[in-house]
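Here is a short briefing on selected features of one chain. Please keep the sequence and the structure at hand while reading.

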Amino acid sequence: MYSPTPSSAEIMPIFYIGQHETNRSLPVSDQLLRQAQDFNYDMLSTPITTSQFHSNVLTLLSNYMAHIEGSVPEEEIPMPLIPPLTSLDTNLTPNETISQLIAFTSPWIDLASPDPVIASLSKQVFNLEIAYAAFCGIGNVIIQGLALNHGVTPGSGISQYARVIQEALGAGPYLHLQILMQMREDSISSSADTMGSLSQFARQQYLEKASHASATEREADLFSTWDTWNVIRSVCKYSSRLSIALLLPKQLPPMPLQSRWFSEPLKELIFPETSFLKNAKGYPVLSKSHQALISRYMRLRNSPWLLLSDVGQIPGVDEQTKIFSSPRDNSPGLNASRGSMSSSPTPAEAAQQDAGSRRRIKDPTPHLSYMRHLQANQPPKSAIERFGAGYQDYLQAPLQPLTDNLESITYEVFEKDPVKYDWYEMAICNALNDWMALGRSTSSSTGAVVIAVVGAGRGPLVTRALRAAEKSGVLVDVYAVEKNPNAYVLLQRHNHEDWNMAVTVIKSDMRFWKGPLQPDGSHGRVDILVSELLGSFADNELSPECLDGVQHVLNPLHGISIPSSYTAHMTPIAAPRLHADCLGRSFSDPTVFETPYVVMLHALDFLSTIQPHSDSSAKQELIPLLPDVKTAWAFSHPIPPGIILQSNLRRGGGVNGGGGGNMGGDGANEHNVRYSRLNFHCPNRGVCHGIAGYFETVLYRGPSGTVELSTNPVTMESKSKDMISWFPIFFPLKTPVYIPDNSELEISMWRQTDDRKVWYEWLVEVFMVDAHRRIRLGVSDIHSSKKNGCLM
Ligand SMILES: C[S@@+](CC[C@H](N)C(=O)[O-])C[C@H]1O[C@@H](n2cnc3c(N)ncnc32)[C@H](O)[C@@H]1O
């Protein structure tokens with residue numbers, strides 16, 4: 001269960017679209033910006049410094065190189081120093097439109113150069129640019145990512161690069177930096193390919209001779225660019241002001257890599273002209289895979305901005321461009337691209353069509369029109385997405401309905417569930433039908449089946465129990481037991497106004513309820529106990545303890561518990577945003593990593609996956625992979641009488657109760673301790689930030705059928721599609737654990753108790769496995785929620 005604290009409106013994804021030119025020749029003036037906005041762009045990119053500045057730096061470098069080639073030893077010649085920026089070095093100026101600009105640092109520097117002169121000059125350029133952008137009030141700066149193939153052993157400059165970025169984050173408290181990352185290594189040119197790149201001037205003695213992996217080998221290394229990003233953000237301690245500008249290639253990488261980037265903090269998606277295809281009429285369109293990726297990524301809580309790169313100047317700037325119609329019109333371009341959605345041309349067809357069709361295009365900003373068209377045609381949100389808008393990746397401490405009394409608004413939120421109550425009604429109906437069909441005796445003198453809704457809240461399950469009785473035509477006596485004094489008022493009101501006084505409302509903790517009061521003053525039994533005490537990890541709201549405590553009222557012969565059983569499930573996940581959130585909170589709350597959170601998990605990547613079952617002809621690369629979710633443990637009710645007997649013997653610490661509980665107390669609740677150690681195969685390298693937990697429950701199983709609920713992403717579709725009452729649970733790791741390709745990850749999870757509270761402990765281990773050995777590579781701390789345990 002979750003509480004309804006955040007109030008965020010349900011919104012369709014908004015596309016913020018900007019225009020970027022890698023070699024913007026003209027300064028980004030207010031007029032250009034207005035012109036871009038007239039064409040329906042939301043922002044423009046701008047370089048921080050001018051080409052004049054670039055030339056000055058190259059001159060400085062070449063003078064220095066000439067100097068050191070002379071007779072004076074290099075050590076005696078000081079490093080070249082770049083003077084402060086002049087007004088000719090930059091066109092940026094602080095003004096009120098600055099917030100609509102995204103600044104780019106110079107792509108021609110090489111922060112990771114092994115040549116100290118190149119590295120020094122690059123850093124000077126970078127620092128000057130970052131400082132000036134911060135001074136002007138620029139909010140977002142995109143920084144050329146580290147090219148892995150820039151002449152030294154791949155990856156060797158990462159630490160140097162990451163350090164510079166970490167330092168730059170200190171340049172201004174409001175500056176957000178985005179690292180320009182390619183999705184995979186083979187889809188971007190290195191900074192050396194940039195005209196006038198400083199990296200070309202790195203001296204031979206500094207370039208390593210180490211044997212480099214061949215291009216094909218590197219190509220096979222799908223996750224290398226993600227790995228680079230992982231180092232950078234780890235060095236920068238998951239700063240909330242560091243994110244990614246992701247460059248989309250024409251051919252998207254396989255789904256595991258798409259899912260990995262999805263989980264990372266994406267600020268911009270950059271679509272170069274080359275990522276577009278051409279439709280039959282010559283208009284730019286994106287492939288189906290790109291469309292699916294956009295739909296998925298734009299559903300992130302903070303949807304990324306979209307930058308169209310080198311798709312043509314802003315019309316009007318280039319005199320050659322003829323504006324024939326307004327882009328907001330229903331232009332032929334839009335219709336043409338709409339037609340193309342179902343059948344995109346092959347690249348060969350597109351190339352053929354390209355030359356002839358370019359002349360016919362009337363839309364001055366066809367790429368932008370196409371993106372706006374995609375925006376207008378996004379698939380509708382699912383029930384859970386609509387309901388959970390604003391909750392995505394929002395960490396909440398789980399409710400404790402046993403110790404705390406819930407507010408009416410909290411009940412109201414989960415009463416909106418379109419599935420849960422229908423399924424409960426079906427379960428009660430099946431149970432009543434089977435009771436009658438099997439000719440069981442009842443606990444009442446009238447032959448009515450006695451139903452008690454324990455933990456009745458505001459009464460929705462009571463209404464459903466009455467409705468199930470009506471449907472099945474079975475005579476019932478209904479009791480509603482609730483310990484929340486405020487909800488008790490509403491139960492009484494319901495009884496008067498809606499239930500025709502057919503319900504006996506009891507204000508009591510169910511564990512102390514003696515059962516239905518009989519005319520002679522004794523207490524009778526209950527045939528069907530209906531409860532909804534489940535948490536996101538099944539037992540984390542103490543359903544086992546409460547139901548054990550009320551079992552004494554249950555008919556010992558035929559008594560039924562709805563639910564009859566529940567299981568906790570888990571899988572390891574990469575969730576960098578959640579980790580960053582926890583890190584941010586850890587300054588004020590030392591228990592932040594020792595707390596399981598209820599959270600509508602969204603920006604995550606499942607580290608262990610299984611192939612989805614797909615009977616449709618949908619392309620595999622369009623279907624997100626399913627997680628490998630394993631069962632941790634189970635509880636079923638009623639529990640065997642022998643176990644209750646032993647628990648009672650232990651309570652009070654008598655001699656027959658043994659030597660006390662293992663974790664403290666008498667051990668009366670020790671039968672509800674659980675332990676699970678589960679093994680997961682992880683095909684791709686990644687970082688485990690924690691464990692995602694889910695549950696399944698069998699409400700009722702009998703001859704009339706089985707009724708189940710599930711939040712497990714693998715089974716929820718078939719068992720209780722569209723159920724919204726529960727978000728998953730997240731067990732965080734204080735120090736994320738790195739996992740290499742093809743490794744094994746083991747989760748150990750404990751449910752602990754000392755008779756006063758219940759808490760969880762968790763630990764993760766990583767193993768590298770080959771044909772002969774299993775080597776432990778890492779082990780997390782053991783985490784414990786004992787301090788924030790659930791009070792019994
Ligand atoms: C999750 S709510 C469910 C409410 C309602 N049955 C529904 O489905 O909408 C759990 C309810 O059980 C009540 N509860 C929890 N532990 C209880 C106990 N030991 N005795 C009585 N009520 C309890 C809480 O106060 C709360 O109203």
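Strands β26 (residues 743–753) and β27 (residues 757–769) pair in the antiparallel sense over 11 bridges. The model is predicted.

**Strand pairing**
- β26 and β27 form a hairpin, with three residues between them.
- In the turn, D755 has a positive phi of about 80 degrees.
- W750 has E761 in β27 as its bridge partner.
- β26 also pairs with strand β22 (residues 674–682), in the antiparallel sense over nine bridges.
- I747 in β26 is the bridge partner of L678.

**Annotated binding site**
- An unreviewed UniProt entry places the feature "binding site" at Y411, K420, Y421, E482, D509 and M510.
- These positions are spread over 100 residues of sequence, and in space they are up to 23.6 Å apart between C-alpha atoms.

- K420 is in helix α14, which covers residues 420–437.
- K420 counts as buried because 24 C-beta neighbours lie inside 10 Å, and the cut-off for buried is 20 or more.
- Beyond its neighbours within four places in sequence, K420 is in contact with L709, M723 and S725.
- Y421 also has its place in α14.
- Y421 has 19 C-beta neighbours inside 10 Å, so Y421 counts as partly exposed.
- Y421 touches P460 and R464, leaving out residues up to four places away in sequence.

Methods. Residues numbered from 1 in each chain as written. Predicted model: local features only at pLDDT ≥ 70, side-chain atom pairs only at ≥ 80, totals over all residues. UniProt positions renumbered as here; feature names shortened; annotations may be inferred. Helix = DSSP H or I, 4+ residues; strand = E, 2+ residues; numbered from the N terminus. Buried ≥ 20, exposed ≤ 12 C-beta atoms within 10 Å, placed from the backbone. Contact = placed C-beta atoms within 7 Å. Pairing = 2+ DSSP bridges.
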